[in-house]
Structures are given as C-alpha cells and as structure tokens.
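Please keep the structure open beside the text as you read.

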Amino acid sequence: MSTTEREQRAYIAGVAADARINVELETEGMTLNIGPQHPATHGTLRIVVRLDGEQVLEAEPVMGYMHRGYEKLTEVRSFPQVTTLINRIDWLGSFANEVPFILAAEQLMEIEAPPRAQWIRTILFELSRLANISLFLGDLGVQLGAITPVFFAFRDREHVLNLIESVTGGRFHPNFDRIGGLKDDLPRGFIDETRAVMVKMRQFCDEIETLLFGNEIFEARTRGIGVIPPEVALSFGLSGANLRASGVDWDLRRDSPSPLVWNELDWKVWTHPDGDCFARCWVRLQETREATYMVEQLLDGLPSGPIMAKVPRIVKVPAGEAWVSTENPLGEMGYYVISTGDTGPFRVKIRSASFNNISVLPWVLKGVYVADVITIISSLYFILGDVDR
Amino acid sequence: MSSADPTGPDADTEAALPEPDVDRDALVLALRDELGAAVLESVVRPGVDAWVRVDPAAWVQAGEACRDRLGLRYFCFLSAIDWMPSPFGRSEGDGVAVSAGGPSSAGEPAADQRVAGGGTRFQLLARLVSPTTHLGLTLKADLPDEDLRVDSWTEVFAGADWHERETWEMFGIDFTGHPHLVHIYLPGEFEGYPLRKDFPLVARMVKPWPGIVDVEAMPGEASGDETVDAAEPT
C-alpha cells in the first residue's frame with residue numbers, strides 16, 4: 001500500500017470514528033463485562049465496557065487479580081534471591097526480566113561481567129524474545145477466529161523453550177543470571193542446535209506471514225482499528241513494538257548504552273507509521289525474524305573466556321540508586337534499585353512494560369465496536385503478570 | 001558508589017569526574033532556567049543518569065517544563081520512596097543478622113545517602129525520557145509527613161493516571177486533581193498502605209524466611225566476604 005493510500009485510509013478511519021461517537025443513537029446503555037477469564041488476556045484481566053448499541057462509550061480495565069506484591073517482597077530478599085521473584089513478572093520471557101535488575105546491581109557494585117557472559121546473556125535475551133513473541137503471533141489468529149496459527153506457534157516455540165532449558169535447566173523460569181556473570185556456560189551442541197532452530201523459526205515467521213498477514217479478512221479486521229498516534233503513545237508511556245508501530249523509531253537495544261552486545265550486531269529497528277492493530281502485529285513479526293538473525297550473529301561472534309567475574313560470596317551492594325531498563329519482548333522493562341549497603345535492596349521500583357501499555361485501553365477503546373475490542377486488546381499484547389507484578 | 005560520586009548541590013557544574021556529560025548537564029541547566037529556585041538539587045552521573053529534586057509545589061510545572069521545553073515527552077513511571085528504615089528489619093529470622101560482622105548501620109539509609117538529597121520520609125519519584133535524544137531525567141520531590149499531597153500529573157501525561165492510583169494506594173500520597181483516585185490492585189475496602197515500611201509483611205511475621213541458611217559461610221571459610229575465584233566451579 002502506498003503512503004498516500006495509507007494516509008487516506010487512516011483519515012477515513014478517523015472520520016468514521018468521530019462520526020460513530022457523535023451520532024446519537026436512541027438506545028439504552030448496557031454494561032458488558034469482559035473477563036476476568038478471557039483467552040485474549042494472558043492472565044486475568046477484567047474489562048467493564050459501557051455500550052451504546054454496538055459501540056463502546058467507556059471502558060474500564062480492572063486488574064489486581066494477579067497482584068503478588070513483588071516490590072514489597074524484594075525488600076525482604078537478598079539480591080540473588082530477587083531474580084527468582086522477577087522471573088515470574090513476564091513469564092513468557094523470563095530471562096529478559098532478570099537482566100535489567102542484575103545490570104542495576106552490577107552498576108551499583110561497579111563490576112562488569114566478562115565478555116562471554118554478556119554475549120550469552122544477549123543470546124538468551126533474544127531467545128526469550130522469540131519464545132514470547134512467537135506465542136503472540138499464534139495467539140493473534142485465535143482472537144480473530146483463525147485457529148491454525150496457534151498450533152504452529154506452540155509447535156515451534158517448543159524448540160526455543162528446549163534451547164533455553166538446555167542452557168538453564170528451566171523452561172519458563174531460568175533464574176540463570178547472576179551478579180557478575182552467569183550460572184553456567186553453554187552446553188555442548190548448543191550452537192549447532194540453535195542454528196537449526198533459528199532456521200525453523202524463520203520458516204514459522206514465513207508461515208504466519210502467508211497465513212495471516214496476506215489474508216484479506218485479517219487485514220479488514222486490523223487495518224485502521226485502534227489507531228494510537230505517536231504523541232498519545234508517548235504520553236501514556238507505551239513502549240516496545242506498540243510504540244514503534246506508532247512510528248516512533250526508538251529501541252533501547254540500539255539507543256541506550258548497555259553492557260549487552262546488541263550494538264556489535266548488524267540489525268534493523270522496525271517501525272510502522274500507521275499505529276493501528278495491523279502495524280503492531282506487523283512490527284512484532286519483523287522483530288521475531290530480526291531476532292533470529294541476531295542470534296545467528298551472536299553465535300558467530302561468541303568470544304571465549306570466563307563467564308563469571310570475581311564477586312564476593314555474600315553479595316553486598318554499596319549504597320546508592322540506579323535505574324536500568326532494557327528492551328524486553330513486551331517493551332521497556334526497568335528497575336529503580338535503591339541499596340543501603342545491605343545484602344538486599346532497600347526499595348525496588350519495578351517499571352513493567354505492560355502496565356503502561358494497557359493504560360491506554362480506556363483511551364483507545366472509546367468509540368470502537370465491540371467486535372474490535374478483542375482485536376485491540378490482543379494487538380497491544382500484555383502479560384497480566386507484567387501488569388500486576 | 002565510589003567516593004568520586006558527586007552528591008553536592010552543585011555537583012553537576014564541578015569537574016569532579018574526568019568526562020563531563022554535556023548533554024545531561026544541558027538538560028539539567030535548561031530545567032533550572034525554567035523553574036528557577038524550584039529546582040532544589042541536581043546530580044548528573046556522567047554517561048549514566050541525571051537526577052533533579054524539585055519543590056513539590058512546582059511538581060506540575062516541572063512536568064510541563066520537561067515535556068514542552070526539554071522534549072522529555074515519554075512518560076516512563078511515577079512512584080514514591082518511603083525512606084523510613086523498616087521497624088521489622090529485613091525479617092530474616094529471630095534477630096539473626098545476616099550481615100554478621102558488617103557495620104550495624106547497614107540497612108538503614110543514611111541522611112546523606114540519597115541521590116539529589118532530601119530529608120523527608122516520603123519522596124516522589126518519576127522518570128521522563130526524550131524519544132529523540134533518548135536521554136532521561138529522574139525527578140524527585142520531598143513530601144512533608146503532615147501533608148502528603150501533590151498536584152496530579154494527569155493533565156500533563158495521560159499515563160500518570162494509573163501510576164498515581166498505584167502510588168496513592170501503596171503509599172497513601174494524595175494527588176490533587178486526579179479524576180478517579182480509586183484502588184487499582186487492592187480490593188476497595190483494603191486498609192493501610194502496603195509499600196510503607198511500617199506496613200508488616202504478615203507472611204514473613206508468621207513464618208521466618210528459611211533462605212537464611214543459603215548465606216552461611218562455607219566450610220573452611222573464615223568469613224563470607226572472601227572472593228571466589230572465577231575458574232573455581234561452584
């Protein structure tokens with residue numbers, strides 16, 4: 001589609017949305033409860049929508065069903081113990097949750113993990129992204145009534161989970177990152193196995209692309225639906241693919257200095273100008289494919305050497321405050337860590353991507369049709385563990 | 001933090017560190033120009049981050065200045081810190097200090113330790129980032145105990161809505177002008193503010209943490225502070 005055509009479509013969608021809100025239908029309002037158990041919500045999220053006919057007048061997300069109080073719990077844990085907790089925030093990309101916290105602790109302790117550890121961290125980080133977003137790509141079809149893609153997603157995601165398991169011993173909760181390095185080195189045969197899986201994952205991306213993205217019904221259900229302009233996205237603090245789908249060219253992997261080695265790779269940040277559901281899905285598809293190329297480059301350049309820096313057996317983090325965030329599968333995940341020189345943190349503020357990402361729901365759902373509500377919710381892609389913490 | 005770390009009020013202008021961070025210094029100076037005396041303290045850690053502590057009365061003004069003048073249009077998060085040391089300690093057992101042999105004051109925040117200073121128990125904490133330069137600022141504001149109130153940012157950043165609800169329910173800080181200040185995670189009838197340090201973690205009161213055994217000194221080690229060789233398998 002050309003740019004002018006895209007602008008035209010966006011304009012028509014905008015006018016149509018305005019007209020839908022402005023028209024006064026003589027119907028009685030109705031309150032519809034979506035959730036807490038709904039397949040579009042990874043976890044339990046309830047959305048109370050007030051309807052006028054088929055249109056949403058007001059939407060109020062209700063969360064807290066999975067609130068586990070991690071910020072309070074970190075205050076009675078030691079630094080190494082915290083990783084066990086934060087593994088469970090975004091449970092589809094667990095390893096990626098550990099990294100910013102460990103980096104914050106390392107920043108305060110002024111130690112740095114050896115190069116090999118940083119490369120392996122980056123590999124596992126990108127594998128988490130594959131495990132996470134591949135499920136989104138499969139799930140996407142189910143929300144719109146296409147059943148097949150989800151089976152493909154679960155089939156191929158299994159290979160990635162096997163890789164993560166072979167390194168860390170855990171499929172969902174690796175708990176593998178340590179202050180100063182990693183728990184273990186890579187197992188024998190990992191590199192060849194990973195190369196094979198990356199080829200499979202690219203085939204999976206191609207399959208999804210032909211199955212869904214070229215599909216007329218899919219386009220009709222997603223194009224021009226749930227448009228979020230860049231300024232709105234920024235003021236709500238949307239991050240990750242949701243922000244890039246609104247045309248903001250910002251990826252923390254490229255744009256913020258990090259000890260992890262993304263800057264040594266040759267890769268591209270994908271953006272889309274439309275800001276609609278289609279754009280969000282499309283950006284994620286491209287990112288999945290890009291991640292497979294990144295992993296291959298990481299395997300090529302993997303340096304040898306130790307995987308652990310010299311760290312005292314009892315970790316005491318010097319007093320101070322540090323903020324570190326990384327580009328996780330769901331968006332910007334960061335920790336504001338305050339240490340008072342003890343074995344555990346004094347306070348940890350967990351900034352999770354999904355909390356900000358779904359705070360836009362009341363804004364974006366206003367005026368849409370009921371049938372589009374689920375499309376919009378699933379295209380924003382959040383994990384309730386990441387919302388409620 | 002090392003001793004070279006700047007903590008003084010004029011640390012950003014001092015040549016305390018070899019490489020000054022020109023871009024972050026410029027951000028802080030621009031905010032000083034906008035707000036004048038409302039900027040109470042600022043710290044720039046070159047290449048890492050910048051902190052600014054503002055007068056709570058100028059909280060909204062600071063948000064607007066950051067968004068419109070400094071280009072920090074991305075709202076990252078808003079929260080608070082309770083600086084009171086927990087009366088329950090770290091709840092790691094019956095008075096057994098894990099950091100045996102360490103200084104007894106470990107775990108209690110010293111008055112001069114806060115980045116960008118401040119002296120009240122509750123401190124607001126917010127972070128804004130520029131989507132073009134990718135530089136960010138961490139804003140802080142001291143709230144006096146007797147008046148835990150601040151103007152809401154909901155008009156400045158739409159995303160502040162939920163963050164302020166969370167901060168209100170976890171710390172009991174009132175956001176004046178917030179359109180819908182109700183519980184976000186906790187049930188509506190919940191009493192108390194869980195993230196305050198004097199709110200007990202009941203689960204820990206009932207059953208002490210068994211993880212304390214994990215940090216016992218290894219056999220043959222005099223003290224736990226020895227450095228483990230990287231090559232040694234653990």
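Which are the buried residues of helix 6 of chain A?

## Helix 6

They are P149(A), A153(A), D156(A), R157(A), V160(A), L163(A), I164(A), V167(A) and T168(A); buried here means 20 or more other C-beta atoms within 10 Å of the residue's own, against 12 or fewer for exposed and partly exposed in between, with C-beta atoms placed from the backbone. These buried residues pack against helix 4 (94-109), helix 5 (115-143) and helix 7 (190-213) of chain A. Two residues are in contact if their C-beta atoms, placed from the backbone, lie within 7 Å. Helices (H or I, at least four residues) and strands (E, at least two) are DSSP runs, numbered from the N terminus.

The 21 residues of helix 6 (148-168) of chain A should span 30 Å at 1.5 Å a residue, and the end C-alpha atoms are 31 Å apart, which agrees; the expected span is 1.5 Å times one less than the number of residues. Next comes G169(A), with a positive phi near 90°.

## How to read the model

This is a predicted model, in which local features need pLDDT of at least 70 and side-chain atom pairs count only at pLDDT 80 or more, while totals for chains, interfaces and linings use all residues. Residues are numbered from 1 along each chain as its sequence is written, and chains are lettered from A and ligands numbered from 1 in the order in which they are written.

## Helix 12 and its partners

Helix 5 and helix 12 of chain A pack with their axes 9 Å apart, at an angle of about 150° (axes are lines fitted to C-alpha atoms, for helices over the stretch in contact, and angles run from 0 to 180 degrees between N-to-C directions). The pair is therefore roughly antiparallel, the term for angles over 145 degrees, with under 35 counting as roughly parallel, 65 to 115 as roughly perpendicular and the rest as oblique.

Helix 12 (residues 277-301) of chain A also meets helix 15 (residues 370-380) of chain A, where the axes come within 9 Å and cross at roughly 30°. That makes helix 12 of chain A roughly parallel to helix 15 of chain A. On the helix 12 side the contact is made by C277(A), R280(A) and C281(A), and on the helix 15 side by T375(A), I376(A), S379(A) and L380(A).

## G180(A) in its loop

G180(A) sits in the loop between strand 4 (177-178) and strand 5 (181-182) of chain A. G180(A) is buried, with 23 other C-beta atoms within 10 Å. Leaving aside neighbours within four places in sequence, its contacts are E106(A), I111(A), A113(A), M308(A), A309(A) and V311(A). P312(A), 132 residues away in sequence, is 9.8 Å from G180(A), C-alpha to C-alpha.
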